[in-house]
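Hi,

Here is the structure I promised to pass on.

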Amino acid sequence: MKFMTENWFVIVAIIALATSAGFTIYKFAKMPSDRQLNKVREWLLYAVTVAEKELGAGTGKLKLRYVYDMFVQRFGWIAEVITFEMFSMMVDEALDKMKDMLDKNEAVQKLVAGEEESE
């Protein structure tokens, strides 16, 4: 008993360290797999295209927030695990793909511009 009263701070530190390690392991186990992240990346391409169509050019931060809100609604469990910086990098990758599609695909250009196709 004397040991516990004299070294209570060591016991508290060990408990805190064990709790922290347990939380870290839990968080790591909950991280999305590569397959899940690929689905998110595909969806992000859609989301940035919709944001571009809705908000137009020159509204980068607004579009990022718009896409993030859509992301949280769709993938709330992943939003708890990944950081906003990681999300922002994934959006940047999707934007690069969208810009490439805009350069090469006339149908995507019309979609983003809001033009109706006449057939």
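A quick definition to start: a salt bridge here means a side-chain nitrogen of Lys or Arg within 4 Å of a carboxyl oxygen of Asp or Glu. Bear in mind that this is a predicted model, where local features need pLDDT of at least 70 and side-chain atom pairs count only at pLDDT 80 or more, while totals for chains, interfaces and linings use all residues. Residues are numbered from 1 along each chain as its sequence is written, and side-chain values use heavy atoms, with hydrogens and water left out.

On to the charged pairs. The structure has five salt bridges, and one of them joins the side chains of K104 and D100 at 3.4 Å, N to O. Both residues sit in helix α6, four residues apart, or about one turn of the helix. (Helices are DSSP runs of H or I with at least four residues, numbered from the N terminus.) K104 counts as exposed at 66% relative accessibility, whereas D100 is partly exposed at 36%; buried is under 20% relative accessible area, exposed is over 50%, and partly exposed is in between, using a 1.4 Å probe and protein chains only.

K2 and E6 make another salt bridge, with their closest N and O atoms 3.8 Å apart. These two are also four residues apart, in helix α1 (residues 2-6). K2 is exposed at 59% and E6 partly exposed at 47%.

E52 and K63 also form a salt bridge, their closest N and O atoms being 2.6 Å apart. This pair links distant parts of the chain, with E52 in helix α3 and K63 in helix α4, 11 residues apart. Both E52 and K63 are buried.

E52 and K63 turn up again in the lining of the largest pocket, along with others including V48, L64, V91 and K99. A pocket is an open set of points on a 1 Å grid over the protein atoms alone, where a 1.4 Å probe fits, with protein on both sides within 12 Å along at least five of seven lines; lining residues have an atom within 4 Å of a point. The space in this pocket is about 150 Å³, counted as what is filled by probe spheres set on the points. α6 gives the most to the lining, with five residues.

Last item: G114 lies in the segment after α7 (106-113) and is 70 Å from N7 in space, C-alpha to C-alpha.

Cheers
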